[in-house]
Amino acid sequence: MRFLITGGAGFIGSHLAERLLARGDRVVLLDNLSTGCMDNIRHLKASGLMEYHLDNIENRQLVAELVDDADVVVHLAAAVGVKLIVESPVHTIETNVNGTQMVLEAACKKRKRVLIASTSEVYGKNTCVPFHEDADLVLGPTTKGRWSYAASKALDEFLALSYWKEKKLPVIVVRLFNTVGPRQTGRYGMVLPNFVKEALDNRPIHVYGDGKQSRCFCDVRDTVEALIRLMDTDRAIGEVVNVGNTEEISIEGLAQLVKQRTRSSSPIEFIPYDQAYEPGFEDMMRRVPSVEKLHDLTGFRPQTTLSEIIDRVAAFFQEKNESSTPRAATTSVV
Ligand SMILES: NC(=O)c1ccc[n+]([C@@H]2O[C@H](COP(=O)([O-])OP(=O)(O)OC[C@H]3O[C@@H](n4cnc5c(N)ncnc54)[C@H](O)[C@@H]3O)[C@@H](O)[C@H]2O)c1
């Protein structure tokens, strides 16, 4: 099989490419390296089965050509990360909406199977956890830039599902919950890599808000396994499916666990949201996926424990010796 992965030099894209190459598939990556990097994919070049294009998802002609040559398209390219979203809402909306539109339009001409990456952020301020795929999406006001990410991804979902309903384009929409693992950068406000780097350096671990907000963290290997199984499942077509781990932890609890796993002496410091982002920043208290639909469709439930994930991330940074960049950590908006 030949896969086109947009955003393939990113965190999840590079892990997906690695898995597909290992099973003998051909992989074409399209990435503009805005948040991804060559370091993520350099080791994959040796396989001889990978091709990459450093270009923009909004290059209509290139996207059309690459989609033409692919059997399956995995659309991961997006503006991601809370800092980026709060600071550049125009970029977020344009990248996420135009990019998805470009991919769907090209795929529709040749009826190619497409997986679209959405996010748990679309559940917004809904408090009925665990979140089921048919739950209401409760977004905040348009005056708060942070909601532009969720709204842009929700629009992507509507568009993808409309292509399925109206034009029979085989689409699968996946709502990813916090995904973590080696190669994820903390540069754009992702919580776990930042906590681990701070802990390894024995610097203060910065928790935004009161730390009582909780999240579930899924190992990227589990996420990739779920994506591959969903792409191989005809019953997933036209569906929206949560992908995430169900082990819930508060952000303060995460800071403590990171400290413990890395044997760090870092103090834990709390920073109000207003200072961390912008006045009036809104966060969600809990975000827990229901993974019953994923299990029903694929027989798979992500299960890597958080301790194991933290150990893997710490080992990655120690190997890369990346633990020296001072950064503040946040509750990820991804
Ligand atoms: N990591 C998570 O926890 C998480 C959670 C929910 C949803 N997602 C979704 O999963 C996808 C992958 O996220 P990730 O965590 O790997 O982030 P990432 O930033 O590592 O990957 C995104 C990739 O897209 C590329 N990109 C961005 N804009 C582009 C453009 N205009 N043209 C071409 N390439 C472009 C970036 O360079 C990057 O390599 C995204 O769609 C994201 O919204 C991720």
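Author: Start with Leu44. Setting aside neighbours within four places in sequence, Leu44 is in contact with Ser14, Ala17, Glu18, Leu21 and Met50. Contact here means heavy atoms within 4.5 Å. This is a predicted model: local features need pLDDT of at least 70, side-chain atom pairs count only at pLDDT 80 or more, and totals for chains, interfaces and linings use all residues. Residues are numbered from 1 along each chain as its sequence is written, and side-chain values use heavy atoms, with hydrogens and water left out.

Where does Leu44 sit? Leu44 is placed in the loop between strand 2 and strand 3 (50-54). Helices (H or I, at least four residues) and strands (E, at least two) are DSSP runs, numbered from the N terminus. Leu44 has a relative accessible area of 5%, so it counts as buried. The cut-offs are these: buried is under 20% relative accessible area, exposed is over 50%, and partly exposed is in between, with a 1.4 Å probe and protein chains only. Now look along the chain. Thr298 is 254 residues from Leu44 in sequence, and their C-alpha atoms are separated by 27 Å.

Stay in that stretch for Leu33. Leu33 also belongs to the loop between strand 2 and strand 3. Its relative accessible area is 29%, so Leu33 is partly exposed. The backbone deserves a glance here. Leu33 has phi near 60°, a positive value in a residue other than glycine. Most residues other than glycine have a negative phi, and most peptide bonds are trans. Asn202 has a positive phi too, near 55°. Asn202 is in the loop between helix 6 and strand 8 (205-208), and at 41% relative accessible area it is partly exposed. For the peptide bond, turn to Val129 and Pro130. A cis peptide bond joins them, with omega about 0°. Pro130 lies in the loop between strand 5 and helix 5.

Next, the largest pocket. It holds about 950 Å³ of space. It has 49 lining residues, and those closest to its centre are Gly10, Phe11, Ile12, Thr35 and Gly36. Helix 1 (11-22), strand 2 (26-31), helix 4 (89-110), strand 5 (113-119), helix 5 (147-167) and helix 11 (306-320) each give two or more residues to that lining. The lining of the largest pocket divides into 19 nonpolar, 19 polar and 11 charged residues. Ala, Val, Leu, Ile, Met, Phe, Trp, Tyr, Cys and Pro count as nonpolar, Asp, Glu, Lys and Arg as charged, and the others, Gly among them, as polar.

How is such space found? Rolling a probe the size of a water molecule over the atoms shows where empty space is left. On a 1 Å grid over the protein atoms alone, a cavity is a set of points where a 1.4 Å probe fits but cannot get out, and a pocket is an open set with protein on both sides within 12 Å along at least five of seven lines; lining residues have an atom within 4 Å of a point. Grid points are joined across faces, edges and corners, and a volume is the space filled by probe spheres set on the points.

By this rule there are 2 cavities of 30 Å³ or more. The largest cavity has about 40 Å³ of space. Its lining residues include His75, Asn96, Ile116, Lys153 and Asp156. Helix 4, strand 5 and helix 5 each supply at least two residues of that lining. By class, the lining of the largest cavity has 5 nonpolar, 3 polar and 2 charged residues.

Lys197 is in helix 6 (residues 191-200), and it counts as buried at 6% relative accessibility. Lys197 and Thr262 are 65 residues apart along the chain, with C-alpha atoms separated by 9.8 Å. Phe281 is in the loop between helix 9 (273-276) and helix 10 (292-298). Phe281 is buried, with a relative accessible area of 9%.

Finally, step back. The protein has 11 helices and 13 strands. Its radius of gyration is 19 Å, close to the 20 Å that the globule rule gives for 334 residues, so the protein is as compact as a globular protein of that length. That radius is taken over C-alpha atoms, and the globule rule is 2.2 Å times the number of residues to the power 0.38. Buried residues make up 59% of the 334.
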